[in-house]
Amino acid sequence: MADQKIGGGARKILYTLNTIRKMGVTKSSKALTARNTCKACALGMGGQLGGMTNELGEFPSVCNKSVQAQSSDIQPAIPEEVFAHGIDDFAALSAREIEGLGRLGSPIFKDQGEDRYRPVSWDQAMEIAAARLEAAEPNRTFFYSSGRSSNEAGFLFQLLARLYGTNNVTNCSYYCHQATSEALASTIGTGTSTVEIADLSLCDLIFVIGANPASNHPRFIHQLASCRARGGQVIVINPAKEPGLVKFALPKSPKSLIKGGDEIASFYLQPRIGEDLALFKGIAKAIVADEAIDRTFIDQHTQGSESFLSDLAATSWEEIVERTQIEKAVIEQAAALYAKSKSAVFAWGMGMTHHHNGVQNIEMIANLALMRGMVGRPGAGLLPLRGHSNVQGIGTIGVKPVLADDVMHAIENYFDISLPEEKGLDTMASMKAADAGQIDAAMMMGGNLFAANPNAEWAKCALEKIGFKLFLTTTLNHGHFKGIGDGASLVLPVTARDEEWEPTTQESMFNYVRLSDGGINRLPSVRPESHILADLAERILPDCPIDFVEFKHHKNIRKAIAATVPGMEELAGLDVARREFHIAQRLLHEPQFGTASGKGEFATCKLPARVAEDDQYSLSTIRSEGQFNSIIYEEADTYRGTQSRWTVLMNPEDMAAMGLAKGDAVDLLSDNGKMIAVAAHPFDIPRRNMMAYYPEANVLTGTDVDPRSHTPSFKNTPVRIAIR
């Protein structure tokens, strides 16, 4: 398009400088340089090498996401007088306005039948929390965590829940990368990245699939630009032509800024929404036809290739082209680049996992890697682009509804306890149980469960049916005001990561465990999550053999994790050695797989049924450059050129056929809800496809899930358009 923008550049430098000025140079410098892990994405930086240094020792490793996160933490406390306003007044604010209210500085409580929160003391708050949980049946509760909390708090959280009597322990990954965990476990025997960040400097090809790192993982763009600079290739697969993936002006590179940006994608494929699997089959067919498969690797290190190759042969090029709307010759060009590569890394985001066939999407990516022996050696492998800074760690230490048998038995033996054996509820199952009136109490540590859910009106109604909700958070969000209903709600203020009273640990998407020092003192009345959980356990588990007071000292939690979670043994002495580490048995630099066979397992994946009918459009929810997860920092999306989040991005030819001009208002209608008077905005996306912002567009999405990952299909919702 004529007004195509680039990512990064001078305006991002100015944005960062302006944000730092608002924060105060002294406060921002302390926040950004302290030895604490970045609070934003799981790409990871900080820890013992310093706040703006990544695990390769590269400095400065910082982006506007990290600055935005710190600007939120540095805010002063919300004045208590603000809580004279009712919940409806808060719910009417935008997400950005709520975030800008400041930090929560003291506990607030809304009792059953009341219409507003009121500040309470910590003693009152803990008495309320304990009494309400003691009154509930454990099997009628659930415990939910975001990916922001530390490993220490997460381990304590799941231990408290299980000793309380429930395995309904879940986390935000069921709404993001659970499909990745399922697919990689079945194909290569591990649920996480097979590469470390150093491998990205060894590869000559990087696939970026269903992700927009220019907006969501800005520091990953530097790795892509470096690959291009040394003569490598970057193949982007995304229905939308994202400006920051075409060209990006690297803020820390004067040369990149002067020349107007670096080319990022060397090849860009735009399949129709939901047709990624068909495209992957096309690439695989072309690889076979080009005789570029690694037969030696396949024979020695894999199983299931016969069925996989037979399925490829049975899939016609006509069907692949018709479904993807990409010509055969174009797909063959992409395959030829892959065929020539010596070391390739496949990176993907939630554009792959947020589908009813999300697990199969990732299995097919693994198939592409196995075909050419691109997993199980340095410089090549599989890289899920995780979102929140410790979402992977939260899963590692057991915040999930089903613990592995060896972990469960190790916990029981270590503490001399018995844990419940029933299979717990995952995130969507917990929500559906709430909707059915089967949940009396819920505890949410961080995050915004309301905004994370599909079908926003349904989610609101389901949450309203929970009689008591307990939140642990640094700042307020819509989840504290929507879905509250007539029940009781208690919100407890917690320390930010760099305010922790003792060091904590986090895990990056590269399986790298960092140590955060904490220690910054900003607000007098906030408490660490570990202290809150330990105090709560002392109150509701009086006969428990575990002395939870000891867990206020994080070194004791780390020793327990090291003794019970495979691969985390080095955690035990981390507070003394201060030597950060990669989790054992995860990086695959040799073709030794964790599957039952010890080999890579090819998966045979059938093309999914089409979602949209002929008179419908396929809608994908997206995040903007100015947000992190459901936190909104900016209303405008500078990369895509939109000024409001109440916008639908459409193919220009579709707009012209409907007589729509830029900015015209349309209504979007699905089986789940509607968005009224949304501004139409032209964008480079396939015809009959459209995009709208998350979480605003969640009102349109459905609660049906991938049967294997139990993840909703946020990225492919059938929608009709009504012109106003």
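How many bridges join E17 to strand E18 (residues 512-516)? The first point below takes up this question.

This is a predicted model, in which local features need pLDDT of at least 70 and side-chain atom pairs count only at pLDDT 80 or more, while totals for chains, interfaces and linings use all residues. Residues are numbered from 1 along each chain as its sequence is written, and side-chain values use heavy atoms, with hydrogens and water left out.

1. E17 and E18 run antiparallel and are joined by 4 bridges; strands pair if DSSP finds at least two bridges between them. Strands (E, at least two residues) and helices (H or I, at least four) are DSSP runs numbered from the N terminus. Thr504 lies opposite Ser516 in E18.

2. The order E17-E18-E19 forms an open sheet of 3 strands with antiparallel pairing. Strand E17 (504-507) and strand E19 (581-582) are at the edges with a single partner strand each, so one side of each lacks a neighbour in the sheet.

3. The largest pocket has a volume of about 1,100 Å³. Of its 41 lining residues, Thr190, Gly191, Thr192, Lys400 and Arg586 are the closest to its centre. A pocket is an open set of points on a 1 Å grid over the protein atoms alone, where a 1.4 Å probe fits, with protein on both sides within 12 Å along at least five of seven lines; lining residues have an atom within 4 Å of a point. The volume is the space filled by probe spheres set on the points, which are joined across faces, edges and corners.

4. Helix H8 (178-187), helix H20 (391-396) and helix H21 (405-415) each contribute at least two residues to the lining of the largest pocket.
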